[in-house]
Structures are given as C-alpha cells and as structure tokens.
Amino acid sequence: MTATRVCALSELEQDTAKRVEVDGVAIALVLDSAGELHAIGDTCTHGDISLAEGFVDGETLECWAHGSAFSLRTGKPLNLPAYEPVPVYVVEIDGDDVLIDPAVKLEAN
Ligand code: FES
C-alpha cells in the first residue's frame, strides 16, 4: 500500500484535531503548537469516541468523554480510564499535501 493524500497542510489549524479516513482507517491529525504534525488512531480505546472531537493540550489529545489524554508521540494514554494505546502513524508532507499510509505505524515506546 502507498501513502494517500488525506488533506492539505494549509487547511489544518494549530492545536486543533482533524479526523480523516484513509482505507477505512480513522485517524486524528494534529498540528501542534510547535508546528509538528501528528497522526494517531482516532478511536478512543476506552469507548467508541472520536478523539478528534477532543482537546489538544501540548503533545496530548484528550478524549472529551471521560478525560483520558493520549500522547501524540506514543499513542499511550497518560491517565485512566483508557489503558490501551492508539496507533501512531507516519505522516509525510509533500508540498501542501499531507499523506498517510495506514499500514505504516510507529512502534509505541
Ligand atoms: S471513551 Fe474516551 S476516555 Fe472514555
């Protein structure tokens, strides 16, 4: 599988999550306040909630439902009730295009 264009870089707002779908996989994209782009699994591991509807705080994305905050770098939840990580995806930027191959994940560490 190859990376697919998911959106334009210029349409992303800093510190706001955007939900995109590629090959049936829901992904939350976050351009953080340092200008770094992150892509993590969009579905909270505690419930069927879109993390992109939550809150960006530094390098975390917090689920609005019960408050678990997931690291944008590792996908790990930093607090309960969620305890399973979400996947973290490799993001490519080509000009103004944001590209993701959902088969390419970073290892949580
Ligand atoms: S559904 Fe996300 S913390 Fe409960």
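Is D101 buried, partly exposed or exposed, and how many other C-beta atoms lie within 10 Å? I looked this up before anything else. I kept in mind that the model is predicted.

**Entry: D101**

I counted 17 other C-beta atoms within 10 Å of D101, so D101 is partly exposed. The cut-offs explain the label, because buried needs 20 or more such atoms and exposed needs 12 or fewer. I placed D101 in strand 9. I then checked D101 against V91, which is 10 residues away in sequence. Their C-alpha atoms are 7.8 Å apart in space.

**Entry: strands 8 and 9**

I moved on to the pairing around strand 9. Strand 8 covers residues 88-94 and strand 9 covers residues 97-106. They run antiparallel and are joined by 6 bridges. I found V88 opposite L106 in strand 9. The two strands make a hairpin, with 2 residues between them. In that turn, G95 has a positive phi of about 65 degrees.

**Entry: S10**

G95 came up again when I looked at S10. The C-alpha atoms of S10 and G95 are separated by 9.9 Å, though the two residues are 85 apart along the chain. S10 sits in the loop between strand 1 (4-8) and strand 2 (17-22). Is S10 buried or exposed? I found 9 other C-beta atoms within 10 Å, so S10 is exposed.

**Entry: the whole chain**

I stepped back to the overall make-up. I found 0 helices and 9 strands. Read along the sequence, the pattern is β-β-β-β-β-β-β-β-β. The radius of gyration is 13 Å, which agrees with the value near 13 Å for a compact globule of 109 residues. The C-alpha trace spans about 40 × 30 × 25 Å along its principal axes. I noted that 31% of the 109 residues count as buried. Of the contacts with a separation of 6 or more, 41% come from residues 24 or more positions apart.

**Entry: the annotated range**

I checked the UniProt record. Its unreviewed entry lists residues 4-100 as "domain: Rieske". Over residues 4-100, I read 0% helix and 44% strand. The end C-alpha atoms of this range are 5 Å apart.

**Entry: the nonpolar core**

Which residues touch the most other members of the largest nonpolar core? I listed A17, A28, L29, V30, I40, L51 and L61, out of 23 residues in that core. The elements giving two or more residues to the core are strand 3 (25-31), strand 4 (37-41), strand 7 (69-71), strand 8 and strand 9. Strand 3 gives the most, with 4 residues. In soluble globular proteins, nonpolar side chains tend to be buried together.

I then followed L51. Leaving out residues up to four places away in sequence, L51 touches A17, A28, D42, C44, L61, C63 and F70.

**Entry: the 5-6-7 sheet**

I found 3 strands in an open sheet, in the order 5-6-7, with antiparallel pairing. Strand 5 (55-57) and strand 7 are at the edges, each with a single partner strand, so one side of each has no neighbour in the sheet. The twist averages 30 degrees from one strand to the next. I counted 3 bridges between strand 5 and strand 6 (residues 60-62), paired in the antiparallel sense. Here V56 stands opposite L61 in strand 6.

How values were computed:
Residues numbered from 1 in each chain as written. Predicted model: local features only at pLDDT ≥ 70, side-chain atom pairs only at ≥ 80, totals over all residues. Rg over C-alpha atoms; globule rule 2.2 N^0.38 Å. Contact = placed C-beta atoms within 7 Å. UniProt positions renumbered as here; feature names shortened; annotations may be inferred. Pairing = 2+ DSSP bridges. Core = buried A, V, L, I, M, F, W, Y, C linked by C-beta atoms within 7 Å. Axes fitted to C-alpha atoms, helices over the stretch in contact; angles between N-to-C directions.
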